[in-house]
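This briefing is meant for someone meeting the structure below for the first time.

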Amino acid sequence: MCLFFYFRDRKEWADLEPVPQDDGPNPVVKIAYSEKFTDVFDMFRALLKNDEKSERAFALTAEAIELNAANYTVWHYRRVLLQALDKDLREEMKYITAIIEDQPKNYQVWHHRRMVVEWLNDPSEELQFVAEILSQDAKNYHAWQHRQWVMQEYKLWDGELEYVEELLEEDVRNNSAWNQRHFVISHTRGYSDSAILEREVQYTLKQIKKAPHNESAWNYLNGILQDGGLSSYPGLLEQVTELQDTCSSPYLTAFLVDLYEDALETNSSSYDQQETLNKALELCKLLAEEKDTIRREYWNYVSRSLQNTEYITDMLQV
Amino acid sequence: MGTQVKDVVIKPEAPNTLLLDKHADYIAAYGSKKDDYEYTLSEYLRMSGIYWGLTVMDLMGQLSRMNREEIIEFIKSCQHDCGGISASTGHDPHLLYTLSAVQILSLYDSINVIDVDKVVDYVKGLQQEDGSFAGDKWGEIDTRFSFCAVATLALLGKLDVINMDKAVGFVLSCMNFDGGFGCRPGSESHAGQIYCCTGFLSITGQLHQVNADLLGWWLCERQLPSGGLNGRPEKLPDVCYSWWVLASLKIIGRIHWIDKAKLRSFILACQDEETGGFADRPGDMVDPFHTLFGVAGLSLLGDEQIKPVNPVFCMPEDVLQRIGLQPDLLN
């Protein structure tokens, strides 16, 4: 434990009266680390009270952030000082990088980074930086938000699909990466391009073959086909049914139920309605009783809904 | 290839009965030692910390053990000239802590100790061109803040001051291909954000815009074999998701899609028999945040030892009845 020269003892700070937090008496004995904390934050409060805009105030914000990087008021003050003192923002970016590397899940520092990038109007390091943070935790929600903001704000779409594929190679169950895939494509070519849609369907099925028990891949497949409808997508039923032997999972079964449900709801002429209903109900029963019992209430609900659909269809045919 | 499901294993000796008295003692004593390091470190969220503590005490029928006068004075000292309220004295105002303060004052039926009109102005002033809300003057946008804004205004009876259509439009633009919601348009679906968005849509009377079956499915998929709930696919369970996920399901009328018995046993396993309080998962350190959401989750599951909790506001139902607030729920 290194010695800390308390601010209250430093002669360059002698003009300031430290402002203690006013919620209780100070105890007689305190551990050294919390002494430092009190010292720094008492000084911080003094600076705030005097609205001081100086280099020493700027230096103190760094001390305060080191002790408690979640204190948003300190970050605010630091931003005010960055502008008032016309500080070097590129130096600030280095500082921010160090803090994020140490505390990658802190809201305040990520927002601070965004503000400085905006002030600099320079996103050139951002994608590389975020990729580095994601290499340590590929699901860091803050990192992904920052990345999306940078890409949208500065129109930096090139190479992102390749990056997403790399991440999915490393972990095909990374839900953030699947979300990013959707994000990139939605903002570039889009899914209404049938060549793109087919490419995505085949890509997803390929990933499913590699790791069948993958919620994200199945959600993605379902999601991109919602508009067109699962049952009318050419060859899809065959491809998914083929996977049943080698790649079975509750997700596959659930997907088939969704597909059959779509066939019934759209009263698709390519499907024998009665047979489709029977198959769907059978799968719901399998899921409720065996494969996904924890969600039996959901599967029973789906069964009931399917039967109501059939009933309505019947009614209209009478 | 083996299927490794990311989950915890509940040990047989984990707590399996509800230790309400211990939790009340834990919360009552929390923060009484003001020099406690963890307490000092969390000063930047103090207003929310007080809201968590008071709410869980009220749900357990123990609100009287908390220091009402001290807290009300504290809140008064946290309202700034702009009308916004800060987490603690000497901190800057923020929408998060403005909501927490209004929730606390609602619990105590003392809303008029602060300048209500100025709070309303503050909230209104944070709405952006696209309908979203910033958290404070520094401009961070997040659907959490859309929720904070409408929840605050609803508790004050002043929802009409904002541009409702745009506010709704922004939240709906955060709806994803899986039926869930993220923090901004395009952001990954996340149970915490989903709670905020469904809560928002409930308050604003727009729940019909949700794809309840699709979202309900995504939400009940959060339940893992241990019975606990995670916040997004392939993540570990955490007791606070017992709130974010469960409350969302309640709001959209599909809470029965969760295996209640299994969830209850997970939540109970997160208790600490010695210190009282709940941790994020069995065996970890407890804190007031997880204690509130563990107890609130149990309330939603129907535990009769706990007061009914409102799934939109995470406040006791009787408080909202007194105020006359009954946000829509789907059935």
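In this predicted model, chain B is built with 14 helices and four strands. Its radius of gyration is 19 Å, close to the 20 Å that the globule rule gives for 331 residues, so chain B is as compact as a globular protein of that length. Chain A, by comparison, has 15 helices and zero strands, and its radius of gyration of 29 Å is well over the 20 Å given by the globule rule for 318 residues, so chain A is more spread out than a compact globule.

**Dimensions and surface**

- The C-alpha trace of chain B spans about 55 × 50 × 35 Å along its principal axes, while the C-alpha atoms of chain A fill a box of roughly 90 × 45 × 35 Å, again taken along the principal axes.
- The accessible surface of chain B comes to about 12,000 Å², with 48% of it belonging to carbon and sulfur atoms, and for chain A the accessible surface is about 15,400 Å², with 49% belonging to carbon and sulfur atoms.

**Burial and contacts**

- In chain B, 65% of the 331 residues count as buried, whereas in chain A the share is 55% of the 318 residues.
- Of the contacts in chain B between residues at least 6 apart in sequence, 68% join residues at least 24 apart; in chain A, residues 24 or more positions apart account for 63% of the contacts with a separation of 6 or more.

**Charges**

- Chain A carries 33 positive and 56 negative charges, whose mean positions are 5 Å apart.

**Aromatic rings**

- Over all chains, a search of the whole structure finds 28 aromatic pairs.
- In the pair of B:W52 and B:F289, the ring centres are 5.0 Å apart and the planes stand at 75°, so this pair is edge-to-face.
- Because B:W52 lies in helix α3 (residues 46–59) of chain B and B:F289 in helix α13 (residues 288–300) of chain B, the pair ties together parts that are 237 residues apart in sequence.
- B:W52 counts as buried, at 14% relative accessibility, whereas B:F289 is partly exposed, with a relative accessible area of 22%.
- Both residues belong to one aromatic cluster, which is formed by B:W52, B:F147, B:Y195, B:W243, B:W244, B:F289 and B:F293.

Technical notes. Residues numbered from 1 in each chain as written. Chains lettered and ligands numbered in written order. Predicted model: local features only at pLDDT ≥ 70, side-chain atom pairs only at ≥ 80, totals over all residues. Heavy atoms only, no water. Helix = DSSP H or I, 4+ residues; strand = E, 2+ residues; numbered from the N terminus. Rg over C-alpha atoms; globule rule 2.2 N^0.38 Å. Buried < 20%, exposed > 50% of the residue type's maximum accessible area, 1.4 Å probe, protein only. Contact = heavy atoms within 4.5 Å. Areas by Shrake-Rupley, 256 points an atom, 1.4 Å probe, with all protein chains shown as cover. Lys, Arg positive; Asp, Glu negative; His and termini not counted. Charge placed at Lys NZ, Arg CZ, Asp CG, Glu CD. Phe/Tyr/Trp six-rings, centres within 6.5 Å; stacked < 30°, edge-to-face > 60°.
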